[in-house]
Amino acid sequence: MQVSVVDYRAPDAAERFTRSLHETGFGVLVNHPIPQPLVEKIYGDWLGFFNGDEKTGYAFSKETQDGWFSTEISETAKGFTQKDIKEYFHIYPWGRIPPSLKDDAMQYYGLANGLAAELLSWVEKHTPADIAKNYREPLSHMIKDSSQTLLRVLRYPPLTGQEPAGSLRAAPHGDINLLTILPAANEPGLQVQAKDGSWVDVPCDFGMLIINIGDMLQEASQGYYPSTIHRVVNPTGEGAKKSRISLPLFLHPRNEVVLSDRYTAHAYLEERLRELGVKT
Ligand SMILES: O=C(O)CCC(=O)C(=O)O
Ligand SMILES: [Fe+2]
């Protein structure tokens, strides 16, 4: 299994990129329009936020799902019993956020959301007609005026050696949403699962942008675009002393969007959040 690295500005970028998404659930872009200095500034500022005390004033709301999720209440991946070794903050345009971090985060949210919409239109255009005829509305429509798209700032703390045996920074999981856009993190560790069960490193040179299919798009495309299982492994040696910061944007449809005969987007999300243990 090979996740392709595609030049966003190449004439055949859409074709090559969507082929990688179809074959592996993942694609990696270089020469993309997300400014790396903005990403690096956000990584640095949020590392300071996670290292400080201000976060305790932003404890997440079970109802609205915005705010800070501590390592104690962090997700337990579907089918697993141990919590991930991570803390994170959920940013929505309507949600709570420390004022000093807001401008950069919202600038990034706007840029990443715009690029995600363009990439979703590539996906739509390159869906075979017999699959596309079952989309209940054009994919690009599904995200119009959505208030559900979510920017997550993740911090994986340095390892202490006291972690429960077998626990991971992020246990194997599929994302819930349509598409995820993820700038390469400041440290390695992201892996995808190949069809034979083996784990493959995702190309992650600093500056690359990683995109993957989520379960909702897998559902809407009847599996043509697969939501591939991925995980973040624990570092060893010097890497274990460092925090890892990452910044996925989860592109979500409007609540009332019908994904398939089985699910609306809202029903799907509620079911999955309960399984993750972050909603009752
Ligand atoms: O931190 C990463 O590189 C991946 C994070 C991830 O897969 C997630 O939060 O869903
Ligand atoms: Fe993920």
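**Shell around ligand 1**

In this predicted model, ligand 1 is surrounded by Arg152, Leu154, Ala170, Asp175, Leu182, Ala185, Leu190, His230, Val232, Ser246 and Pro248. Sorted by class, this shell holds 7 nonpolar, 2 polar and 2 charged residues.

Two strands, β5 (150-156) and β11 (230-232), each contribute at least two residues to the shell around ligand 1.

**Packing of α2 and α3**

Helix α2 spans residues 36-51 and helix α3 spans residues 99-125; they pack at an angle of about 140°, and their axes are 10 Å apart. An angle of that value makes α2 oblique to α3, because angles over 145 degrees would be needed for roughly antiparallel. The crossing of α2 past α3 is left-handed.

On the α2 side, the residues that meet α3 are Leu38, Lys41, Ile42, Asp45, Trp46 and Phe49. Their counterparts in α3 are Leu101, Asp104, Ala105, Gln107 and Tyr108. By class, the contact of α2 with α3 comprises 7 nonpolar, 1 polar and 3 charged residues.

**Ser243**

Ser243 sits in the loop between β11 and β12 (244-246). Is Ser243 buried, exposed or partly exposed? Ser243 has 15 other C-beta atoms within 10 Å and is therefore partly exposed; a buried residue would have 20 or more, an exposed one 12 or fewer.

Apart from neighbours within four places in sequence, Ser243 is in contact with Leu47, Arg155, Tyr156, Pro157 and Pro158. Asn186 is 57 residues from Ser243 along the chain, and the C-alpha atoms of the two are separated by 8.6 Å.

Technical notes:
Residues are numbered from 1 along each chain as its sequence is written. Chains are lettered from A and ligands numbered from 1 in the order in which they are written. This is a predicted model: local features need pLDDT of at least 70, side-chain atom pairs count only at pLDDT 80 or more; totals for chains, interfaces and linings use all residues. A residue is near a molecule or strand if its C-beta atom, placed from the backbone, lies within 6 Å of it. Helices (H or I, at least four residues) and strands (E, at least two) are DSSP runs, numbered from the N terminus. Ala, Val, Leu, Ile, Met, Phe, Trp, Tyr, Cys and Pro count as nonpolar, Asp, Glu, Lys and Arg as charged, and the others, Gly among them, as polar. Axes are lines fitted to C-alpha atoms, for helices over the stretch in contact, and angles run from 0 to 180 degrees between N-to-C directions. Angles under 35 degrees count as roughly parallel, over 145 as roughly antiparallel, 65 to 115 as roughly perpendicular and the rest as oblique. A crossing is left-handed if the near helix is turned anticlockwise from the far one by less than a right angle, and right-handed if clockwise. Two residues are in contact if their C-beta atoms, placed from the backbone, lie within 7 Å.
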